[in-house]
Amino acid sequence: MKRIFGPLLGVLLFLDSIAQTPQRNYLDDPHLPMHEHSLNFTQLRLEIWPQPAEGKVVGKVTHIFKPLRPEVDSFFLDGVLMDVKSVVLNGRPVRFTVDSAGITVVPGTPLSWDTEDSVTVEYSATPRHGLYFIGWNDPHGLSRKQIWSQGEATDNRWWIPMYDEPNDKVISEMIVHFDSTYQVLSNGSLVSAAGNADGTKTWHYRMSHPQAPYLIMLGIGKYAVKDTHSASGVPMHLYYYPDWKNRVEPTYVHSEDMMDFFEREIGVKFPWEGYSVIPVQDYMYGAMENTTATIYGDFYMSDRRGALDRSFVSVNAHELAHQWFGDAVTARSDAHGWLQESFATYYSQLFDREVYGEDYFQWERRGTAGAAIEASEHNLYGVANSESGTARVYGKGAFVLDMLKYVLGGREAYNKAVRHYLLSHPYSNVDTHQFLVDVEESSGMDLQWFWDEWLNRGGEPEYQVELEDHPDQSSLIVTQVVPPGAGGLTGYKDGLFRMPVVVELHYKDHSVSRGTFTIEHATEIIELPKTPGATLAYVLFDPGSRILKRISFPKAPEMLLAQASDAPEMLDRYDALVALRGVPLSQKSAVLVNAFRHEHFFSLRTEALAQLAADPSSGVGLIGEALRDTDVAVRKGALDLVDAHGPSIAALLPSLTAMLHDSSYAIVETVLSKLAEARPSGLKGWLAATAGVDGVLGRNVQVRWLELAYLAYGKKAYADELVSLTSSSYEFRARINAMAALRRIDYFSKALAGDLVDAILNPNTRLSGPAGDLLAYFYAQDRCRRVIGDYVRGGRWKGWQWSLLSRFAE
């Protein structure tokens, strides 16, 4: 099909054509329906007495609820492996039964849907999930002692008898009795905190609006708090460890700014009474957006040097965005989880753009696009599917929201639609279709095609573009490729996608002509008239990569060189540099040097450097220059190009040695390793230069230092110090790093066997998995097998523990 569009006509034809409705065909999703329930729980009051030495919680919970059906003759409360002392319904004891999953309550008279009822449960629990007791079993007394919760997806049922599904919301309050020397945090406002005669203290927190059960949280530990507020007056409480005061500013930088930014960008005031952020040890994820009180892994709490390698800013913004998207409005079932994670990811990216600039934003989008495309190599689940996976529910969904903004016509129309969506469902459950209805109501546009194409179905469009340049016009032949078997499960119709695509002709005099075209058929021919008298420099199909896609668009070297030098968008210049990889260095050297010296964003500079490194005359000098660059990302990119055994290593030794004092801990660790590999004879001197540097993330520098010191000096004390770092005295990332080092040096001891067994029993799978692998590695060796077997056989294990350890006692 051939089309000749001017810019305005192309847009008008696109809008007119979207009214066609294709046949729909989606992958089945067993988790699409909500969880059925017969009661509407409205309030939850929890009173607890944590007993950390036993890993136990004693509690009393009261639920206020209304039946949803004419008669309810029994109901079930989730509560895993609990010891239930009593159940009281409307003030009177009631018959109940308990199994491993929860409590079945049987009223003497069926409940009626015209009543409001209450049930109170007194119980105790020793949870394996949901509530975690950190450091209380540390035999050396070095670990922080904490108690913290992780409710998502449905783990609060391990320590609270409750209806533990996301499709109901309750106004909660929590009363906690605990040691007065600790800080206690929960959802909502602190109503009171009073000391008791026995040295304990009672904290009382209460929410003012309903939240989903999985968002109920508890955090207990030794903390100091920085109290601040946003420009609009939202109270903010930033928790930190008193001995980490130097990490407060680098970690919480921009916290107030992001609250102000989101209120402006979203157009809806912060929906809760205040906001707290608290770090915890051994957290198994990155962070969790509990309502009014985000928990995050303390590995994100960095000093200024550590923040160069891993900043908390994006994660902080992501969890704050969840207070609107996920907490105030909550997905009805797992299939709609993208309404939480995709929105939080997108808005954190928007804040990143506010802080770091447009290039950073584009680079984040490019990363999420690559992950989504790679996921489509394995399956074709849509974003709005419970099986979609991390790459889609976070990154691809964020990209889709940006494309929705593009299709709606820009920021104002998009923000208007999102504001309408949020204000239509305050403190309620939502699903993907409701968001569609709200956007259609706000915009007046039929967007079912977009939902089918980008949310309900999977995959991404793949375009093959060919340029035919004529004296009076340029023609683009665009072919959409549909993978075998993908038709009906991807795209808009027959596996084909329909999207408005911008095409730009850039001329050597820097003038531009552009048009917007609907690409929807297997083959399209786009014809653009050229500016009379102007010479074409390069052509862009979808400048700035606004559309998530695969694309093949071969271009002549001279066109790529012009695009790499002059394209307005960073990604278009970057893509041209990548496409130049196969072009002889003599043709591209000047453009590459210009990119390395004058571009501001690291990805273009490191790509240019990687190609220039092949130049035998100037490559080494440019790498050395990059190793001294002020941009840490450029230094890291240059370091990746250093071959410890290559002929250029001697010339780079002075720069590498200087980098042992780099501001980045990650660079110090990497340089130490490369120097040890390149010149083992100088290792003792390099170890002396880095002695006493711990690093931040998992004690990365300290662990590598001990490993290399053991190899350099052969002293058992260095290996034994690594073993000590695998114990429960240390946070899990340090333990994992030490385990990896011990495997590399093949060092085993009885103490290590005990530490690995302890780690295998840890509920954090990011720790227990590597620990199990390492213990299996040593168990396969005759010199270690008996020691491990005797240790395991000599222990007193619970049934679930033995099920994890029995393979080491054969």
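Helices (H or I, at least four residues) and strands (E, at least two) are DSSP runs numbered from the N terminus. This is a predicted model, in which local features need pLDDT of at least 70 and side-chain atom pairs count only at pLDDT 80 or more, while totals for chains, interfaces and linings use all residues. Residues are numbered from 1 along each chain as its sequence is written, and side-chain values use heavy atoms, with hydrogens and water left out.

H21 is mostly covered, since ten of its 14 residues are buried, among them Val 701, Trp 705, Leu 706 and Leu 708, but also Arg 704 and Glu 707. The 14 residues of H21 (residues 700-713) should span 20 Å at 1.5 Å a residue, and the end C-alpha atoms are 20 Å apart, which agrees; the expected span is 1.5 Å times one less than the number of residues. Just after H21, Gly 714 takes a positive phi of about 70 degrees.

Further along, Thr 726 lies in the loop between H22 and H23, and Thr 726 counts as buried because its relative accessibility is 0%. Leaving aside neighbours within four places in sequence, Thr 726 is in contact (heavy atoms within 4.5 Å) with Arg 735, Ala 738, Met 739, Leu 742, Leu 752 and Asp 755.

The axes of H23 and helix H24 (residues 750-760) come within 12 Å and cross at roughly 135 degrees, axes being lines fitted to C-alpha atoms, for helices over the stretch in contact, with angles from 0 to 180 degrees between N-to-C directions. H23 and H24 are therefore oblique to each other, as angles under 35 degrees count as roughly parallel, over 145 as roughly antiparallel, 65 to 115 as roughly perpendicular and the rest as oblique. The contact is made by Arg 735, Met 739 and Leu 742 of H23 and by Leu 752, Asp 755, Leu 756, Asp 758 and Ala 759 of H24.

Conventions
Buried < 20%, exposed > 50% of the residue type's maximum accessible area, 1.4 Å probe, protein only.
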